[in-house]
Amino acid sequence: MKKHLLFIFIAAFILFCGKTVNCSAAMPKYNMNVHKKVTIRKNSKIKMMVPTGKKIKWKISNTKKASISKKGVFKAKRVGKVKVTAKTAKKRYVCYITIKKKINKAGMDNVYGKVNSVNDTDVTYTIYNKSDEWITLVLPQLECKVNGLWEPEKRKADAIPIGVAPHINIMPKSSYKGKFSFFMYEMGNKEYRVRFDKVSAGPNLKRELPAQVCVLFNK
């Protein structure tokens, strides 16, 4: 009898702890001044935020598909699209939220780079984000191929400025067009690439992609 009671107590304790962990998990937060389009899964919750304003009036376009609290907690009820509006004393913010049954997460198959043109001074490129998630690319690194292996371009690294912001944010189902500025005439006749050292995705950008995004080019 005591063994049975002990087993029931342990099972109940594990179940309670499991619920506690799930409830205390960080809710994804989206700043409406930056995030104009967001895609989330049905029955999920997110926290909508605005940069300024103590008194905020929240409004959604369809109360059957979603709800939003006075504190900006958005809950997805049904599949579809919902417009969220936040009004402060000085400004109005709008975010379009798409609710899906399943989220197409960012990965090596739907986040990639492509070179558009190369000349003696610049390399123009496009980075595509075909996923349903926001992504951030960080720390571009210039590399060249030596004996079939990619290595950092140390010989000219100090002399070749990389004309790109250290952080690039790309919305879901969107792309980013940019330009790298190099002194191409100082570079050897090799195969080069710019590799983003870190690519983050998902709610609050806390998940790193398994593969880095690269932009390949030749002189």
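**Exercises on a pocket and its salt bridges**

K173 counts as exposed, with a relative accessibility of 52% (buried is under 20% relative accessible area, exposed over 50%, partly exposed in between; 1.4 Å probe, protein chains only). The model is predicted, so local features need pLDDT of at least 70 and side-chain atom pairs pLDDT 80 or more, while totals for chains, interfaces and linings use all residues. Residues are numbered from 1 along each chain as its sequence is written, and side-chain values use heavy atoms, leaving out hydrogens and water.

**Exercise 1.** Determine which elements line the second largest pocket.

*Solution.*
Step 1. A pocket is an open set of points on a 1 Å grid over the protein atoms alone, where a 1.4 Å probe fits, with protein on both sides within 12 Å along at least five of seven lines; lining residues have an atom within 4 Å of a point.
Step 2. The second largest pocket has a volume of about 210 Å³, the volume being the space filled by probe spheres set on the points.
Step 3. Its lining includes K81, Y96, K100, D132 and K173.
Step 4. Two or more lining residues come from each of strand 2 (37-41), strand 7 (80-87) and strand 8 (92-100); strands are DSSP runs of E, at least two residues, numbered from the N terminus.
Step 5. Strand 8 gives the largest share, four residues.

**Exercise 2.** Identify the salt bridges that link K100, D132 and K173 in a network.

*Solution.*
Step 1. A salt bridge requires a side-chain nitrogen of Lys or Arg within 4 Å of a carboxyl oxygen of Asp or Glu.
Step 2. K100 and D132 meet this condition, their closest N and O atoms being 3.1 Å apart. D132 sits in the loop between strand 10 (122-129) and strand 11 (135-146) and K100 in strand 8, so this pair ties together parts 32 residues apart in sequence.
Step 3. D132 also forms a salt bridge with K173, at 3.8 Å between the closest N and O atoms. K173 lies in the loop between strand 13 (167-170) and strand 14 (174-181), 41 residues from D132.
Step 4. D132 is buried at 3% relative accessible area, whereas K100 is partly exposed at 27%.

**Exercise 3.** State where the two partners of the salt bridge between E133 and R207 lie.

*Solution.*
Step 1. The closest N and O atoms of E133 and R207 are 2.8 Å apart.
Step 2. E133 belongs to the loop between strand 10 and strand 11 and R207 to strand 16 (residues 207-208), so the pair ties together parts 74 residues apart in sequence.
Step 3. E133 is buried at 7% relative accessibility, and R207 is partly exposed, with a relative accessible area of 29%.
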